[in-house]
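I opened the model today and kept notes on what I looked up. The entries follow in the order I made them.

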Amino acid sequence: MTIGLRGPTNLFGHPTDELISELDVELSQWDMQLSEPVTKVAFGHFPLSFTAATETGKRLEDLFAKHSISTYLCGHLHTKFGRNLQRHHIQLSPTSKYFQQYFQLNAHDIAISNNEKQFCSSDNSSIKEFWEWEMGDWRKSRIMRIIAIDEGHASFVDVDYKMMSWPLDNTSITIPTIIVPTFPLDSRMMQRMSSLVAQECRFNNLSIHGSIRALVFSANSIISVKAKLYDSISGKLDLAMEMKMMKHSDSIERGDLYIANWDWKMFMDPSPNRYWLQIEAVEDSGKHAYSQIRPFSVNLKAAPLKWTWQEFWVMGCHWSSLYQPLLWFIFVFLLALLLVPKLLIFYVGNENQFNRWASNILNCKGFGNFLFKIPSWIMLEASRNRPIWWSQLLHLFYLIFFPWFHGQVLVKDSRNGYMSHKGWTVILPEFMIPQSGIGVPDVLVIVLPHLYLVVFPLLCVVSSLAAEKVACQMHYLLKSEKKEVEVLVKRTVDTRASEDCVTPNSQLNDPKPLSPKVDNVNINRLSTLFSEHYAKACTASCIHCNRWIRKALIGVCFLILWSHWKQSKALVYAYGAKAVLSSPGFVWPVPLLLALAVWKTKDLNYISNA
């Protein structure tokens, strides 16, 4: 596509097969540099969790792992969802690859076996891994990243210029001293498998362990640099060693390299985060600058790097792979909620048999009532309300088979297209016939929130309104019948008491049965509509006369309308008011269905006392 889509359906990167082939050829040239290994760093805009596969199913992460790049630097999300947007990619087996295409629970891909030497017998080139590091943006966040490569290992530090004090006249801006430790490596950010195998299998050059190294960038003169090593075995950071670092004679102009020799074997420990490193630099003005303290492991063990929930949603979930499973799961689930209760009622057939069967569902006590029994009864009662049930079913089938809305889809073109869960369909400038499936999986930003946050709650609240009407209807019915029976019984007892006054003593021990009219008045009426047990079960779900449950459900209706209004407003702003508002399948069914449910469940049809 030569013209991009309008937001919000431009969330994903869409590499082509041609781009994958070009990158493969370019990276293969550097793989052949056997005499001097090359550290490869790739740059891109989109994170890999928001990068779709090509037309033939090829993925960028497979290409990067194939050539064992060091790191992939990307943007797009920047720091909107957290400062810890890093992810480690590794490919060891088809099983792990299967799960990788959907999600990853933390920044480190898989747990490493304790038997690391199992990898020594295999070819070291079979280890495919790389890091993905999201970068903060300069335009809004004023964050700059400095990356250093030391003996093939990449390290970085982020500098936040928003935290600095900027004078109003801009004449004396103070640029801070920046320190980038390059060795020992941060145990949270190193190449997990290749570094470990190199250590355990003695592939690594142990001479690189012999010194602590750091780059120092400063606009002022540096008079001393110290390396401070801390031990956390006591539960707090205790200073274990402090040593002076010397400036390397071959330092480049953009930064000075400082080195301190140390006995690295003293710090060998199986724990990846027992020892911590911090570099301190002192300027000629007496000002002290510090690097961010970080764990290290000379054993090259990886320390855990955990995500927050927000970071997991944007980095750990591969949304291009998850879209279709999540889409069809909610479609099938919603259809099952509508069709299964209807089939059960059709199977039961007889009204009294259904009442007895439904009463068994509701009469079970315990927490299981609220997890399964009560929702089952709600969906059964909702399926008996034909206008509500058919409206929901038609709405769902429309969302599956027909376009959702129309709108101006292209950034620099006024032509309209229509969107469904299958993507956009539009006539592109380079084609003369409509092109479908454009913007997949980008449309998930509209489709999934609408289905999960609007359509599913809509079905639940509409069904609950229908069931609440039945429960309250039975409450009124039993209440009126109880009063009628009490009055008739009282009258009969009074009549028999007056008759007993003139009856011979021999007949006092032979009481007369109650009038058949009194015995059967309640049973005849209830058997016409509901079984007695089912009616009692229904009243257990209704809290008396003022229908506060209905009022609460109407409050939920307003929340659903508010969520739907926010999404519709965003689409109107993005794709044009006239096109979106004139589309019958997206904007209007939700408020109309809610209005229909509220209207159909407003009045109670119960037998009066007259």
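Leaving aside its neighbours within four places in sequence, which residues is Trp 133 in contact with? I counted a contact when heavy atoms are within 4.5 Å. The list I got is Thr 71, Tyr 72, Leu 73, Cys 74, Leu 85, Gln 86, Arg 145, Ala 154, Phe 156 and Met 189.

Some ground rules before going on. This is a predicted model, in which local features need pLDDT of at least 70 and side-chain atom pairs count only at pLDDT 80 or more, while totals for chains, interfaces and linings use all residues. Residues are numbered from 1 along each chain as its sequence is written, and side-chain values use heavy atoms, with hydrogens and water left out.

**Trp 133**

I placed Trp 133 in strand β4, residues 128-134. Helices (H or I, at least four residues) and strands (E, at least two) are DSSP runs, numbered from the N terminus. The cut-offs are under 20% for buried, over 50% for exposed, and in between for partly exposed, with a 1.4 Å probe and protein chains only. I also checked Gly 75: it is 58 residues from Trp 133 in sequence, and the C-alpha atoms of the two are 8.6 Å apart.

**The sheet β15 to β18**

I read the strand order of this open sheet of 4 strands as β15-β16-β17-β18, with antiparallel pairing. β15 (405-408) and β18 (435-438) are the edge strands; each has a single partner, so one side of each is without a neighbour in the sheet. The average twist from one strand to the next is 30°. Axes here are lines fitted to C-alpha atoms, for helices over the stretch in contact, and angles run from 0 to 180 degrees between N-to-C directions.

I found that helix α14 (residues 548-575) packs on the sheet and touches β15 and β17, its direction making about 40° with that of β15. β17 (residues 423-426) pairs with β18 in the antiparallel sense over 2 bridges; at least two DSSP bridges are needed for two strands to pair. I noted that Val 426 has Gln 435 in β18 as its bridge partner.

I found a cis peptide bond between Phe 183 and Pro 184, with omega about 0°. Pro 184 sits in the loop between β7 (178-183) and α5 (192-200). Another cis bond joins Val 440 and Pro 441, with omega about 10°. Pro 441 is in the loop between β18 and α11 (444-500).

I then looked at phi. Arg 142, not a glycine, has a positive phi near 55° and lies in the loop between α4 (138-141) and β5 (143-150). Its relative accessible area is 33%, so Arg 142 is partly exposed. Glu 151 also has a positive phi, about 55°, in the loop between β5 and β6 (153-160). Glu 151 is exposed because its relative accessible area is 56%.

**Whole chain**

I recorded 16 helices and 18 strands. Of the 610 residues, 46% count as buried. Among contacts with a separation of 6 or more, 75% come from residues 24 or more positions apart.
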